[in-house]
Amino acid sequence: MAQIPRRRVAVVGATGVAGQQFLVSLARHPWFEVTALAASARSAGRTYREAISEASGQQRWTCEEPLPSEFAERPVVDAEQLDLSGVDLVFSAVESAAARALEERYAPEVPVVSTSSAFRYEDDVPIMVPGVNLEHAVLVKRQQRERGWKGFVVPIPNCTATGLVVALAPLVRHFGVRSVIMTSMQALSGAGRSPGVHSMDILDNVIPFIPKEEEKVQTETAKILGRLDGDRIAPLDLPVSAHCNRVNVRDGHTECVSAGLGCLAEPEEVVEVLRTFGREFADLGLPSAPPELISVSDDPYRPQPRIDRRLHDGMTTVVGRVRPDPVLPNGIKFVLLSHNTKLGAAKGACLLAEYLVHQGLA
Ligand SMILES: NC(=O)c1ccc[n+]([C@@H]2O[C@H](COP(=O)([O-])OP(=O)(O)OC[C@H]3O[C@@H](n4cnc5c(N)ncnc54)[C@H](OP(=O)(O)O)[C@@H]3O)[C@@H](O)[C@H]2O)c1
């Protein structure tokens, strides 16, 4: 690969669950150098270490990896005051209402790769998953042309939609998919730090509702798997019935998926199609890319979040229990596991940014 000039990047929402994962993903990154850390006015003016510390002294660092030392004493700035003159690209990791205003301020100047839903449903905004719908990147040009922006906003999906589209994309391509029923068991880290989930609510429990989650999964899945028509996306005509549950797991969303295929396929054929998916993308050799997008386990007791979520640093979707579904026409069912804060948030956003840089778009 040709030498890529280093990009100066800002992490906005750097103190949150996704923001912290960005720091882990970007420490010693070969292409990206973090030049600014931003969060709310509550954190502004403090060092990063102070900003993630409670008055009691407890550090609210949520990653399994230690806080990279180069960031601990860096100042945190108010995201509303972020100076874009020293920034080539922004990673945005704040909740959607705040993200809307902030990304609208940054994108006229610089590319914004976002974990938030603020812009996901706009007609000229692709929701991108590396290796799945890279052709949708052409919408960036339309966004710039129609909005008069030098930059753009490209969001990644909701972290539950991420694993689902990675597994469905090869099935759509090879067999067609007519309908999907998905039941999720979603990790606590997906709820973020504020407000997060109270331990007394989740211990010994399952919470059968996550606000707006099912609608997001349904809408985003159809858009991501949609066909590019010129510089528009025609969403896939795919009914998705999602049941989203919060469970007592720290990281890693598990999803039980039943899919009605466009034609009859044996489980072995489905496994083969899943296993070989995304090889060309992996061959690009982008710094955050895993060697395989999907790993299929033959062990009927897998995938399990505690055992499988760290495969290839949380960037590989692990599938297991591929078998016929007798209820749906041409039905097939399986279980998948996707790391919500790695592939589903920060490292997935870094990989997407690497692709956009590689394509000369950012
Ligand atoms: N957690 C996941 O697994 C995951 C996965 C995919 C996508 N996402 C998305 O990523 C975004 C962040 O989620 P999270 O889980 O990291 O949330 P979080 O832990 O609650 O962190 C929120 C971050 O946003 C900052 N913030 C809040 N209000 C702000 C404002 N008005 N201006 C500037 N910054 C503000 C906070 O700064 P302070 O510390 O100063 O309050 C903090 O850095 C959300 O849109 C979420 O949907 C999360």
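Mentor: A residue is called buried when its relative accessible area is under 20%. Keep in mind that this is a predicted model.

Trainee: OK, what percentage of the residues in the chain is buried, then?

Mentor: Of the 362 residues, 58% are buried.

Trainee: And the accessible surface, what does that come to?

Mentor: About 15,200 Å² for the chain, with carbon and sulfur atoms holding 51% of that area.

Trainee: What radius of gyration does the chain have, and what would a compact globule have?

Mentor: The chain has 20 Å. A compact globule of 362 residues would have a value near 21 Å, so the two agree. Along the principal axes, the C-alpha trace spans about 60 × 50 × 35 Å.

Trainee: How much of the contact set links residues 24 or more positions apart?

Mentor: Such pairs account for 75% of the contacts, counting those with a separation of 6 or more.

Trainee: Switching to secondary structure: how many helices and strands?

Mentor: Twelve helices and 14 strands.

Trainee: I'm looking at H6 and H9. At what angle do they pack?

Mentor: About 115 degrees, and their axes lie 9 Å apart. H6 covers residues 159–174 and H9 covers residues 267–275.

Trainee: Is the crossing left-handed or right-handed?

Mentor: Right-handed, as H6 passes H9.

Trainee: Which residues make the contact?

Mentor: From H6, Ala-167, Pro-170, Leu-171 and His-174; from H9, Val-270, Val-273 and Leu-274.

How values were computed. Residues are numbered from 1 along each chain as its sequence is written. This is a predicted model: local features need pLDDT of at least 70, side-chain atom pairs count only at pLDDT 80 or more; totals for chains, interfaces and linings use all residues. Side-chain values use heavy atoms; hydrogens and water are left out. Axes are lines fitted to C-alpha atoms, for helices over the stretch in contact, and angles run from 0 to 180 degrees between N-to-C directions. Helices (H or I, at least four residues) and strands (E, at least two) are DSSP runs, numbered from the N terminus. A crossing is left-handed if the near helix is turned anticlockwise from the far one by less than a right angle, and right-handed if clockwise. Contact means heavy atoms within 4.5 Å. The radius of gyration is taken over C-alpha atoms; the globule rule is 2.2 Å times the number of residues to the power 0.38. Buried means under 20% relative accessible area, exposed over 50%, partly exposed in between (1.4 Å probe, protein chains only). Accessible areas come from the Shrake-Rupley method with a 1.4 Å probe; for residues, only the protein chains shown count as cover.
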